[in-house]
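Colleague: Please put the model up, and I will ask about a few of its features in turn.

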Amino acid sequence: MKIIRSSKCSLKFATSSKLSELKRVLTEYGGVCNIFIDYFWKNGTPAKSELLKDTVDLPKDTWLSARLRKVAAREAIDMITSIKERWKNKPEKISMPVHKGKRTYVSCTIADLQEKVSTEEFDAWLHLASMGENTILDLPIKFHKHYNKLVAQGKRLNSYIITEKYVQFSFEIETGPKKSGTNAIGIDTGIKALASLNNSAQFGLDTKSLIERIKRCKHGSNGQKQARRAFKQRIDEVVQEIVSYFEHIDLVVVEQLKNINYKSKLKRRLSKNMRRSIGTWAYRYWLKRLEQACEMNRVHFKSVAPYYTSQTCPSCGHVDRGNRVRQIFRCLRCGHTGNADVIAAGNILARFLTGFYGARYKPYEVKFV
Ligand SMILES: [Zn+2]
């Protein structure tokens, strides 16, 4: 399986004159992009392969080269398509997108990474040309650990996202086919332990204190940003701890908390769940990292709907809020007891294996690893 990973390199080594030149290009690019958006919004979006010269030449008062105008036209198409796709079920929410002139996405027709550099301060030049008005920019790049790791794992692609602050490089990594074994685990996400597995293993037992630290800080403050970073870093570590299991695992099942967000009308109904959960942004980040780790290790990654996973008795099937009292699960009908998060993880796994999609898979074994 081929997967794409990216890494950002800072532009802090560039001189201020280069950075202001870059800013000028990005601003012009954004403006041209908006001209295309305006035109395609009124006249319909063409297929990217049908971007003929007449269309590319639409913006009149610009110094941007035909190449970069074509990039802008493509991005305009993407922006319109994605906003329509995002709100396809709520057409009243669709409004014309606006490019802010903060970033551009270029390929080898504009950018070239030149790695032989005769200086010790940085490792490469990102050479930008054909942008218009004979503008040429050589941006100094310094590689770092994450970048070098991706170089070792895969092939760097000739596409770059460029902003005023960084360049993002992309890599294609061939992981090999997904595993064909039959060992599965379910993972419940919680505040007491970030991850509880159905085999009773728990990871990230310091999650609660990390979240409380974030909540104590003033919203938007530097302290809160720092606390969030610390929590993200901890999430990355927990993912790595779980990866050490992956040698024996073929399938991971998690609970997808799709409908929870702070503005949701469901808020009050879900408040108990919310208190227990780690917050939307952190939950998304955690699932994303876990999914990426699965991809990297050729492990299948699946998710199920979240209803009642922590209230259902795995022994008799009785569903009752009263089955769970904080960390303790005790079935009000049959008396089955256990750690509530571990039982939830088992229910998550069972929901997948016995559900619509699970039936299409060969039987998975639920083993203790
Ligand atoms: Zn029961």
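Colleague: Which residues make the nonpolar surface patch of about 340 Å²?
Modeller: This is a predicted model. One member of the patch, Tyr 307, is found in the loop between strand E12 (300-304) and strand E13 (324-325).

Colleague: What is the arrangement of the four donor atoms around the zinc ion?
Modeller: The zinc ion is coordinated by the SG atoms of Cys 313, Cys 316, Cys 331 and Cys 334, at 2.2 to 2.3 Å. For four tetrahedral donors the ideal angle is 109.5 degrees. Four donors count as tetrahedral if all angles lie between 85 and 135 degrees. Here the angles are 106 to 114°, so the arrangement is tetrahedral.

Colleague: Is Cys 334 buried, partly exposed or exposed?
Modeller: Buried means under 20% relative accessible area, and exposed means over 50%. Cys 331, at 3%, is therefore buried. Cys 334 has a relative accessible area of 39%, so Cys 334 is partly exposed.

Colleague: Are the rings of Phe 143 and Tyr 147 stacked or edge-to-face?
Modeller: The structure holds nine aromatic pairs. Phe 143 and Tyr 147 form one, at 4.1 Å centre to centre and 5° between the planes. Planes under 30 degrees apart count as stacked, and the pair of Phe 143 and Tyr 147 is stacked.

Colleague: What is the angle between the planes of Tyr 160 and Phe 169?
Modeller: Tyr 160 is buried, with a relative accessible area of 0%, and Phe 169 is buried, also with 0%. Their rings form an edge-to-face pair, 5.7 Å centre to centre, and the angle between the planes is 85°.

Definitions and conventions. Residues are numbered from 1 along each chain as its sequence is written. This is a predicted model: local features need pLDDT of at least 70, side-chain atom pairs count only at pLDDT 80 or more; totals for chains, interfaces and linings use all residues. Side-chain values use heavy atoms; hydrogens and water are left out. Donors are N, O and S atoms within 2.8 Å of the metal (3.2 Å for Na, K and Ca); water is not among the atoms, so sites may look incomplete. Four donors count as tetrahedral if all angles lie between 85 and 135 degrees; four count as square planar and six as octahedral if opposite donors are over 155 degrees apart and all others between 65 and 115; anything else is irregular. Buried means under 20% relative accessible area, exposed over 50%, partly exposed in between (1.4 Å probe, protein chains only). Patches are made of residues with over 30% relative accessible area and no salt bridge: like charges are joined within 9 Å, nonpolar side chains (Val, Leu, Ile, Met, Phe, Trp, Tyr) within 5 Å. Accessible areas come from the Shrake-Rupley method with a 1.4 Å probe; for residues, only the protein chains shown count as cover. A salt bridge is a side-chain nitrogen of Lys or Arg within 4 Å of a carboxyl oxygen of Asp or Glu. Helices (H or I, at least four residues) and strands (E, at least two) are DSSP runs, numbered from the N terminus. Rings of Phe, Tyr and Trp (its six-membered ring) pair if their centres lie within 6.5 Å; planes under 30 degrees apart count as stacked, over 60 as edge-to-face and the rest as tilted.
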